[in-house]
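The following note collects several points for your review. Please read it beside the sequence and the model shown here.

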Amino acid sequence: MVHLSARRRLVVIGNGMAGMRTVEELLARAPVRHAITVFGDEPHPNYNRILLSSVLAGEKTMDEIVINPRSWYEEQGIALRTGDPVMAIDRAERMVRTGSGQVVPYDDLLIATGSRPLMPPLPGIAMEGVVAFRDIADVEAMLAASRSHRRAAVIGGGLLGLEAAWGLKRLGMEVAVVHLMPTLMERQLDAEAAGLLQRDLSGRGLHFFTNAQTEAFMGSDRVTGLRLADGREIAADLVVVAIGIRPNVALAKDCGLDVNRGIVVGDDMTTSDPRIHAVGECVEHAGQVFGLVAPLWEQAKVCAARLAGDDRAVFVPPPLSTRLKITGIDVFSAGQLGAQDEADAEVVFRDAATGVYRKLVIRDNRLVGAVMVGEVGDGGWYFDQMRRGTDIGPIRDRIIFGQAFAGAGPGGADPASLPDDAQICGCNGVDKGTIVAAIRAKGLTTLEEVRAHTKASASCGQCSGSVKALLAHVTGKAVAASEAICSCTDLGHDEVREAILTRRLKSQAGVRAALGWKSEDGCAKCRPAINYYLLCAWPGEYRDESRSRFVNERLHANIQKDGTYSVVPRMWGGVTTPAELRAIADVAEKHAVPTVKLTGGQRIDLLGVRKDQLPAIWADLNAAGIVSGHAYGKALRTVKTCVGEEWCRFGTQDSTGLGILLEKALWGSWTPHKVKLAVSGCPRNCAEATIKDIGVICVEAGYDIVIGGNGGIEVRVTDPLVRVESEAEVLEYCAAFLQLYREEARYLERTAPWVERVGPASIKARLVDDAAGRKALYARFLFSQTHSQTDPWGERASGAVDAFEFKPLAVVDAS
């Protein structure tokens with residue numbers, strides 16, 4: 001063991017992806033060579049900037065994009081200083097000075113200050129509501145704006161601008177994209193591919209102004225829109241500027257290092273000072289600056305090797321490829337966009353009807369460029385041929401159709417035939433050999449384990465299929481997946497849910513067609529599941545399909561063994577009034593209901609009702625202001641309460657009032673299975689909250705929330721989730737838990753087995769540790785409730801909907 005005082009002191013300026021990747025590589029090569037101190041401008045640990053657009057779109061949370069949590073720094077013995085930027089470098093004394101006044105000496109210094117967003121010097125750019133798209137603070141500003149404003153404009157139709165625009169659209173904003181050039185992503189796509197992309201995005205509701213130059217930001221204190229050079233004006237309450245980046249060289253320039261566009265480095269990633277290295281978007285190598293991750297990972301490897309004492313490592317910029325991270329839109333680009341002279345040949349395949357376009361650029365029987373829209377599964381294989389300089393002469397006449405048709409292997413779906421140095425994960429620079437070696441050496445058996453040990457597919461996830469295929473190839477076993485939904489398909493629940501979201505499938509027929517169902521109409525097992533998944537994924541867009549419901553849900557009553565039905569009116573929190581009791585009694589007498597019984601959930605059950613009596617009973621109950629108790633549905637059924645502090649001498653809080661609040665907020669939501677809640681006014685737990693799907697136990701200090709209980713055949717006691725202080729927090733946590741369950745559990749899976757399957761710790765991480773993620777779940781739940789919180793009895797009693805169907809009598813255009 002090297003004593004701490006004998007280690008070289010390495011100071012890292014910049015806690016971003018390039019700098020910390022260098023530290024990771026250094027620790028792998030020489031774990032005890034340096035005592036490391038890391039300074040970061042932001043208050044966060046190292047996170048994946050590539051996935052900021054996924055956070056904006058609501059597909060990931062901040063915690064999910066963290067690469068190295070604070071605990072990792074502690075485990076590695078790294079001193080992390082966040083929110084305290086380095087202000088000056090003293091090269092003569094070999095020390096840095098921070099904004100807080102700290103002075104830290106170094107033996108080796110690594111500058112990884114990244115880049116700054118380009119902000120045009122236009123009138124009004126400093127107004128509130130004008131933001132860049134560079135870090136998590138920018139994303140938080142956009143999320144905040146989306147909650148109170150409806151119109152957004154994005155300046156820049158490149159990769160980052162389009163991802164920002166789509167994220168804002170997903171948040172419900174009207175979005176206009178203003179782009180200086182005639183076509184989108186002109187650095188990565190040719191005109192035809194860009195046209196297809198724009199057509200697709202326009203169909204999703206984005207508005208485009210190309211060949212458009214921004215002249216000014218309108219407004220006084222807050223931005224109200226943009227004025228273009230041709231006089232047109234675009235109304236906007238939020239403007240996102242995404243027109244490019246500039247290397248952040250201020251520190252290097254101030255301390256006298258050689259600087260051009262970026263900090264000048266040699267092949268060894270050393271600056272003009274031999275004690276100072278630099279990596280990432282702040283550097284310039286051989287006249288070139290960098291904005292994509294692949295060269296940054298190569299820089300990190302070379303810099304780490306040099307810091308570890310390897311004098312042979314040199315940086316060679318790798319070939320670059322690009323993918324657009326917009327759910328459901330596939331775009332791939334690498335190398336040349338088209339022929340540059342008569343020595344180049346273009347091979348093009350286009351199918352305008354399906355939106356598929358491919359162009360390959362060939363020189364001397366070598367592939368030097370590829371542009372793909374719509375179907376990009378062979379992108380990795382094309383890129384590998386370019387990187388290797390493969391002679392494609394023998395397959396030139398069919399290479400445009402992809403790997404399988406070229407006779408070069410089974411195609412992009414099976415990477416087992418690729419060589420070990422073939423890149424599998426572009427985001428993290430992981431090749432096939434690294435993945436295979438880790439699987440064999442560490443006995444990895446799941447995708448999550450491969451991600452943890454290699455980072456492959458841990459970012460955007462587009463290479464997950466390739467990683468799974470490698471895992472299956474090496475282990476000889478299929479990668480564990482959820483059980484097939486039914487005999488109509490080999491796909492499991494999780495795979496179908498993912499496809500519905502990523503491929504934007506919005507109808508039962510569309511799901512079955514896109515996913516290759518063996519039965520055109522599906523079956524009684526898969527139809528209800530797909531119906532629920534579509535309802536959950538697209539609230540307000542997908543129309544409930546009545547034939548895909550179980551009979552109880554179609555008839556809004558529970559069928560009994562003799563063919564009659566039971567009717568259970570809703571009683572908020574188990575509380576009723578004399579008027580409600582009188583109305584229920586009148587209904588029971590008027591319709592000669594054979595049995596009236598109290599349920600264990602503090603409700604009244606009317607048993608023995610004939611099917612033809614249901615509409616009249618619904619109408620009579622609805623006239624008294626009584627709504628459906630959803631006792632027949634995969635939905636919230638009851639919130640059981642005790643009398644709490646109002647009447648009980650042991651009560652600590654108003655459990656009855658809280659139960660009513662929860663039931664009125666949560667009722668009407670469709671869930672994978674039935675859901676029951678309870679609120680107990682003290683730890684004596686008279687409402688039996690510890691065997692409910694969600695339980696709330698009132699204590700002197702607030703409210704204990706527990707989850708995943710079951711009082712049925714297999715009794716399961718709840719797991720503790722969190723203690724909170726207010727009723728508002730109880731509502732937020734309960735709704736967020738319910739939404740997480742709605743989005744991630746499998747159809748017909750109760751909360752108890754779901755909690756056991758995913759683990760209480762993972763749920764705590766999502767709801768307790770990740771406040772932003774919890775609030776996002778809560779917001780999605782509230783949005784869904786605006787489309788589902790309607791009383792089916794009332795709709796049918798009014799005649800707005802057929803008595804035993806979901807289809808409205810007067811069909812209204814959903815748009």
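1. W754 is buried, because its relative accessible area is 1%, where buried means under 20% relative accessible area, exposed over 50% and partly exposed in between, with a 1.4 Å probe and protein chains only. This is a predicted model, in which local features need pLDDT of at least 70 and side-chain atom pairs count only at pLDDT 80 or more, while totals for chains, interfaces and linings use all residues. Residues are numbered from 1 along each chain as its sequence is written, and side-chain values use heavy atoms, leaving out hydrogens and water.

2. A search of the whole structure finds 9 aromatic pairs. Rings of Phe, Tyr and Trp (its six-membered ring) pair if their centres lie within 6.5 Å; planes under 30 degrees apart count as stacked, over 60 as edge-to-face and the rest as tilted. The pair of Y741 and W754 is tilted, because the ring planes stand at 50°, with centres 5.5 Å apart. Y741 belongs to helix α21 (residues 727-744) and W754 to helix α22 (residues 751-758), 13 residues apart; helices (H or I, at least four residues) and strands (E, at least two) are DSSP runs, numbered from the N terminus. Y741 is likewise buried, with a relative accessible area of 0%. Ring pairs also link Y532, Y533 and Y747 into a cluster.

3. Two arginines sit over tryptophan rings: R21 lies over the face of W297, at 4.4 Å from the ring centre, and the charged end of R204 is 5.4 Å from the centre of the W166 ring. The criterion is NZ of Lys or CZ of Arg within 6 Å of the ring centre and within 35 degrees of the ring normal.

4. D364 lies in the loop between β27 (356-363) and β28 (366-373), and A592 in the loop between α18 (578-590) and β33 (595-598). D364 counts as exposed at 63% relative accessibility, and A592 is exposed at 61%.
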